[in-house]
Amino acid sequence: MGLLSLLIFLPLAATAIILLLPTSLRHSYKYITLGFTVAQFALAGFLYSQFDAAATGVNTADGYQFVEHLSWIRMDLGTLGTLEIDYFLGVDGFSLPLLALSAFVMLMAIGASWNITKSLKGYFSLLMVLNLAVMGIFCALDFFLFYVFYEVMLLPLYFLIGIWGGARREYAAIKFFIYTLFGSVFMLLVIVGLYFSVINPDTGAHTFNMLHMMNPANYVENSFFGYINNYNEVFGIPARMIGFIVLFFAFAIKVPIVPLHTWLPDAHVEAPTPVSIILAGILLKVGGYGIIRICLSIFPDAAVDANWWLGLIGIVSIIYGALNALAQKDLKRLIAYSSVSHMGFVLLGIASLTAEGISGAMFQMISHGFLSAALFFLVGVIYDRVHDRYIYNFRGLASLMPKYTGYVAIAFFASLGLPGFSAFIGEAFVIIGTFNAESVGTGIPRWMAIAGSLGILLSAAYFLWTLQRMFFGQTRLKGGEEWASSLVDLTKREQLILFPTLALALLLGIMPSLIFDNLNSSVLNLVALVAQYI
Amino acid sequence: MITLTHFLVVSACIFCIGLYAVLSKRNAIMILVGIELMINAAVLNLVAFGRYDKVNYGGQVFALFAIVLAAAAVAVGLAIILNVYRKYKTINPDNITDLRD
Amino acid sequence: MRDLLTISPVSMSILVVLLPLLAFVIQAILGKKSTSGMISLIAIAASTLISGGFVFTAVWDNPTISTTYNWFTIGDKTFTIGILLNNLSVLMQFIVCIIALPVHIYSRSYMKGDPGIHRYWMYLSLFCFAMLGLTISKNLFMMYIFWELVGFASYLLIGFWFTKEAAVQANKKAFLVNRIGDLGFLIGIAIIFSTFGTLDLVDLFGTDGFFAQGIDKNTTWMTVAGIAFFLGAMAKSAQFPLHVWLPDAMEGPTSVSSLIHAATMVAAGVFLLSSIFPLFNETVLLIIAIIGTITALSSAFFALGQYDIKKILAFSTISQLGYMMVGVGIGAWDAAMFHLTTHAFFKCLLFLCAGAVIHEMAHLKAHENQEFDPQDLRNMGGLRRYMPKTFTLMAIASLALAGFPLTSGYLSKDAIVITAWEWALHHGGLYLIIPVLLVVVSILTAFYIGRLIFKAFFGEFRLKDLNVTHLHEAPHAMLIPMLLLGIGALFFIFSWNPLSYADAGILQGLSVAYPFAEIHALHVIIPIILTCGSLIAWWIGWRWYSKGSYPLNPHSRWIQASLNQGYLNELYHKTFVESTLALAQISYWFDRYVIDGLVNFSATAVRSLSTFSSWIDRYIVDGFVNTVAGTTYYIGHLLRWIQNGRLQNYLGFAFTVVLIGIIYLIIR
């Protein structure tokens, strides 16, 4: 059993223990999950430190590290050949930082779950199943395995929102579930299409191996997604482009892009704080990761043709999300829309197809993982105390909760891209990379960079306005004295969660090489892979 | 002159009256009376057609048989009706439904 | 690491930057315990000593020193941070230190007793760190980082009294307007990076950098880059039409206004443009000059009608920054830097004096328990008698601002105005409007600062029913730093010759070669015109405000326009703020009712479709089966009626059938 398997299946052990323990011991559940998550985080940290930054990753098996390759399913299908599904894990510069991020955000989520009281057994075991699925997604290199983890991820989330959520939790859970499922069923079609188009050069059988799918030489001639002489069309669109579009939409729903984003505000608003943290911190990154790992790497030719549209969608998401955030009166909804806006930068950076842009996009994902998780946690703090998050019901919180205000201000400024914090590096390099795209000739015009930078301005507007409305001025609360007494400042536990998060955001802002060093060779390899088709 | 036809017409009339009584009356005795009327219509026919058997007088003989049998049947019928009345306190056949499914 | 430990100008300049950061960190850890400001004061004093005593002397008029460290690599491009020490950067660093030190000393007394004082010192140290870092950055990207950090520190300090609604509105506005400029800066960086692949100032603008090798600067993208950088400078240096944040920023403590919003941060735009001066082509420079002129004129006009003592000074700052911009625009960035330096001293002093006045007025207000605005000129008057030292210092600073001979302002302002004349005469035609307007602005400047002095310090104290014995001189802790700055407002610090700017050390150190000829006659005529103009302006001001023979109608349109800052705030609020908010509302509406509506509609549509198909299933598919069964049942039911158990019925049926049979037989 390799390290990656250990990383993935550690949470399963926690689930098993929790399910076996009698309910009378329910107060120990959180300690068990915490213990396992800490172990997992330590393991992820160990992997991060052991990673060889020079390995190229992306499309060669040699470039991956901690590889585990086992046969999983071998079934004789008669005339159709052998069904080959592998248990194939490995990490490169793209997946490793996200793996570490996931482990960290999970830790935060457990910390935020400390006060959950409703059916603990189910809650913590579902959380751990979710943990397993997320880790699996970032490690899987076999498309079938990837899909399995991808679907497994949905199930616990559905229940976590649907059972532990707010007033309209059923609506939100169903909306979230159907949205994601809508994307992934079509993805399954493309997976099958790819399966029949690609051959494992070693065995001659069709394969789900993603790395084989990235090599044009492995495609069967005249197959549906074949590279050479491919005249297959669906509704007049070339087959490879259709494959790209379908996969893109499957992941874009997760990112999410405008106009496929409406599940996000609802899910965030209804989900309990820890689930919001996981949603924003990890799940959105699955979308960005999928686009890089699968859309770009398997369909680089289509990506080159479509990137103008990707960039446009990115811009629309940035500005539209920011404008919507400006209009919100519910703090959590505001942050949900700010996520849409910030994830638009990820898409814009990926669309630029430049090393700076893609690195910026990856960095933005990591940074957004920390910061949005912190922001949702901060919203949770105030909601825990008075069960209200309506912006206009609060005023002058700074006098009442100085520490809380300090953390909120830091998180807000970090999110709006103050230099010194990680979001700045991400956003700045997405803009610079997009600007550079015209020099490289990837077809992204410069006005997109300028339009994208408008999003930075708008993000300052909504964050500062919120700060001014809720925290500054004379204290005036809707709930009067009763609220004033229940709005106590941050507890030790809350500070213990927030401080490392924001400290990490600061550390990454000052030393971005912590991420970039491990990322660079993979990014360069990907850019080279795509550049052949420009 | 009175022909066979007159006899038959009278007999048919009596039969129809009897039949009407049998089908429509709600009183078992009246039904019995109707039956008697019908038998008597038949008897009248037998007697009327009896003139074509001047050798054996089969018509008259059968008529006599029929009258005797009718008398016997009436006796039995009245006895049944009496018993029915005793058991059900009614002699309307519609109300006696013990054998109905 | 080794060259960090050895004593070199580079490591010392880094130390200058890091000391305030250290002070910030220590105070952040100590929290409420660090209220005295000693830590900040010691840090900035040490920084000033090192900067002035070592770095400045070691670098000034010596070859450029620069060091580069790799920061991180993205793809195959390495980004660096570095220290650039040349005349420009060490001058700027020294100015920041030498202004920050007196302000720190002054603050100890001025801010005494404020409940949030520990935050004040923390923020002030943060600002000093960012501002000092900005000055010696070698890399545009690094400069951008400090550029935003000073904006952040300014945000924190403007909103220092965060329970005051106006203060938190002002800091939001300041940050947002600055953000617009930051975007310009960022886009400029992106253009430079994609054109040259480097952001290093030496690689770009050094003696054998890209620009020295003769890049074609007249391309569209270079013009855009120039304008983008200028946009950054416009926001930070409060140039028209992005100047609106600076008057509002006066909501912060006066000591903060003097340091950040008068002397150092707002001048950063001028410093930036001077650092990257070779980048600009003719078009951009002309735009800079035009914007600078408009700024100088418009804010001098706005300053005329203000009643708030700090707002007059704020507009005066904007106006003087406009002068500096014109200096950059005409190619005389050395003159701009010279004016920046002198302006830093006398404007800081003006603010500190104003702070002292406000301090006393606020004391009076607290003492008498009355409601009045301690910053309003209409409540002052005759203060000369109660605060003579403050009055003297403020008068010196005012003379410097007006450009009176023997002051430092005379030298630097003349440098800009005279060079502007030379530049305009070289180009001819409409270009002459700019220097003419500059002369007008100079006279207006003399008038509004005269108005301030006359209204505040001459005449009688206007709040007659108050006990004026509580008004007295500012404490020594405030007077001493003011005195230090007052020395800086005099000519001999900058040049031994009080009448000619050509001998000023700063101009000689920066030594810029102008592409146009020097005209000697102007060096005599212009100072005379300016001085006479100022004297006339003061005479009018003295008659109007001190003698009380005020001839104008205060409700006239011009005066109202000046008081209301040309209604620009209202205009911006109506156009930009409200339209953005409306757009936000519209897009949220769109999101809720169109996009989400579409989602919900498709959900509803699917549900109705399923209801419909369920209806078909129930009533058509299943309905057919049920019809067959029902028909059978009905027929059975019909026949069942015959079997009713009535003997008579049976008989009747039997007979009917027989009858039908007979009839049938008969008919057949």
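Author: Where chain B meets chain C, 11 residues of chain B are in contact with 7 residues of chain C, contact meaning that heavy atoms lie within 4.5 Å. This is a predicted model, in which local features need pLDDT of at least 70, side-chain atom pairs count only at pLDDT 80 or more, and totals for chains, interfaces and linings use all residues; side-chain values use heavy atoms, with hydrogens and water left out. Residues are numbered from 1 along each chain as its sequence is written, while chains are lettered from A and ligands numbered from 1 in the order in which they are written.

The size of an interface is often given as the accessible area lost when the parts come together. For chain B and chain C the buried area is about 700 Å², and 59% of it is on carbon and sulfur atoms; buried area is the accessible area (1.4 Å probe) that two parts lose on being put together, summed over both. Across this interface the rule finds 0 salt bridges, a salt bridge being a side-chain nitrogen of Lys or Arg within 4 Å of a carboxyl oxygen of Asp or Glu. On the side of chain B that touches chain C, the largest share, 5 residues, comes from helix α1 (residues 4-24) of chain B. Helices (H or I, at least four residues) and strands (E, at least two) are DSSP runs, numbered from the N terminus. By class, that side of chain B holds 6 nonpolar, 1 polar and 4 charged residues; Ala, Val, Leu, Ile, Met, Phe, Trp, Tyr, Cys and Pro count as nonpolar, Asp, Glu, Lys and Arg as charged, and the others, Gly among them, as polar.

Chain B itself has 3 helices and 0 strands, and its elements run α-α-α from the N terminus on. Its C-alpha trace spans about 50 × 25 × 25 Å along the principal axes. The radius of gyration of chain B is 17 Å, whereas a compact globule of 101 residues would have one near 13 Å; this radius is taken over C-alpha atoms, and the globule rule is 2.2 Å times the number of residues to the power 0.38. Of the 101 residues of chain B, 28% count as buried, where buried means under 20% relative accessible area, exposed over 50%, and partly exposed in between (1.4 Å probe, protein chains only).

We may now turn to the other interface. Of the 2 pairs of chains that touch, chains A and C have the most contacts. No contact joins chain A and chain B, and their closest C-alpha atoms lie 57 Å apart. Together chain A and chain C bury about 4700 Å², of which 70% is on carbon and sulfur atoms. The rule finds 3 salt bridges across this interface. One of them joins Lys77(C) and Glu356(A), whose closest N and O atoms are 3.0 Å apart. Between chain A and chain C, 20 residue pairs are in polar contact, both residues being at pLDDT 80 or more.

Chain A has 20 helices and 4 strands. Its radius of gyration of 23 Å agrees with the value near 24 Å that a compact globule of 534 residues would have. Its C-alpha atoms fill a box of roughly 75 × 60 × 40 Å along the principal axes. Of the 534 residues of chain A, 67% count as buried.

Two residues of chain A illustrate such burial. Asp92(A) lies in the loop between β2 (82-91) and α3 (95-112), and it counts as buried because its relative accessibility is 0%. Beyond its neighbours within four places in sequence, Asp92(A) is in contact with residues including Phe51(A), Tyr64(A) and Arg293(A). Arg240(A) is found in helix α8 (residues 239-254) and is buried, with a relative accessible area of 6%.

Technical notes
Polar contact = N/O pair within 3.5 Å; in protein donor to acceptor, adjacent residues only side chain to side chain.
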